[in-house]
Amino acid sequence: MTDEAFARGMQIRREMYGPDRADKELAAATDFNRPLQELVTSYCFGEVWDRPGLSRKTRSMLTVAMMVALNRMGAVKVHVAGAPAPPYGVLGRDHMVLQHLEDPLRLRGGEADELLDEVAEDEGPLAGHRM
């Protein structure tokens with residue numbers, strides 16, 4: 001963990017969550033969880049969020065998408081509510097929510113249809129009967 005990575009991490013945390021919250025979280029660290037807070041600040045924010053190749057908007061959308069997929073709604077709220085303004089706006093938010101609704105429904109529906117076709121083939125009398 002370098003001092004440069006920690007400084008970059010704190011800058012990014014302040015930009016993402018506002019300086020009050022970012023500074024308050026670190027100040028509230030105990031002897032027990034301070035190493036974790038420092039690791040998160042240096043590595044997660046200072047290294048991962050600062051890597052070239054993806055915009056902050058894309059990283060934020062990926063983060064929200066993963067948290068929604070994992071059903072971590074509290075983490076979604078923290079990520080989005082803490083920011084001065086989410087970088088993707090209302091339209092981007094709506095697209096993310098709709099995409100999360102569409103993919104599982106389509107995938108599960110397709111898997112269910114395939115499974116029912118397999119059962120129908122194996123069961124004889126049900127073969128060829130569709131709703």
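These are legends for a set of close-up views of one predicted model.

Before you start, residues are numbered from 1 along each chain as its sequence is written. Because this is a predicted model, local features need pLDDT of at least 70, side-chain atom pairs count only at pLDDT 80 or more, and totals for chains, interfaces and linings use all residues, while side-chain values use heavy atoms, with hydrogens and water left out.

View 1. Going along the sequence, the pattern reads α-α-α-α-α-α. Helices (H or I, at least four residues) and strands (E, at least two) are DSSP runs, numbered from the N terminus. Of the 131 residues, 22% are buried. Here, buried means under 20% relative accessible area, exposed means over 50%, and partly exposed is in between (1.4 Å probe, protein chains only). The protein exposes about 9,500 Å², with carbon and sulfur atoms supplying 61% of it; accessible areas come from the Shrake-Rupley method with a 1.4 Å probe, and for residues only the protein chains shown count as cover. Take the contacts (heavy atoms within 4.5 Å) between residues at least 6 apart in sequence: 61% of them join residues at least 24 apart.

**View 2. M10 sits in helix α1 (residues 3-17).** Is M10 buried or exposed? M10 is buried, with a relative accessible area of 5%. Leaving aside residues up to four places away in sequence, M10 touches A22, D23, L26 and T41. Take D23: M10 and D23 are 13 residues apart in sequence, and their C-alpha atoms are 8.1 Å apart in space.

**View 3. R8 and E47 form a salt bridge, with their closest N and O atoms 3.3 Å apart.** This pair links distant parts of the chain, as R8 is in helix α1 and E47 is in helix α3 (residues 34-48), 39 residues apart. A salt bridge is a side-chain nitrogen of Lys or Arg within 4 Å of a carboxyl oxygen of Asp or Glu, and the structure holds seven of them. R8 is partly exposed at 28% relative accessible area, and E47 is partly exposed too, at 34%.

View 4. E25 lies in helix α2 (residues 19-27) and R13 in helix α1, so their pair ties together parts that are twelve residues apart in sequence. R13 is buried at 4% relative accessible area, whereas E25 is partly exposed at 26%. R21 is four residues from E25 in helix α2, which means about one helical turn separates them. For R21, the relative accessibility is 26%, so it counts as partly exposed.

**View 5. N71 has a positive phi of about 60 degrees, although it is not a glycine.** Most residues other than glycine have a negative phi. Where does N71 lie? N71 is in the loop between α4 (56-69) and α5 (73-81). N71 is exposed, with a relative accessible area of 58%.

**View 6. E111, E114, E118, E121 and D122 gather in a patch of negative charge on the surface.** Patches are made of residues with over 30% relative accessible area and no salt bridge; like charges are joined within 9 Å, and nonpolar side chains (Val, Leu, Ile, Met, Phe, Trp, Tyr) within 5 Å. Lys and Arg count as positive and Asp and Glu as negative, while His and the chain ends are not counted. The place of a charge is taken as NZ of Lys, CZ of Arg, CG of Asp or CD of Glu. E118 is found in helix α6 (residues 89-123), and at 47% relative accessibility it counts as partly exposed.
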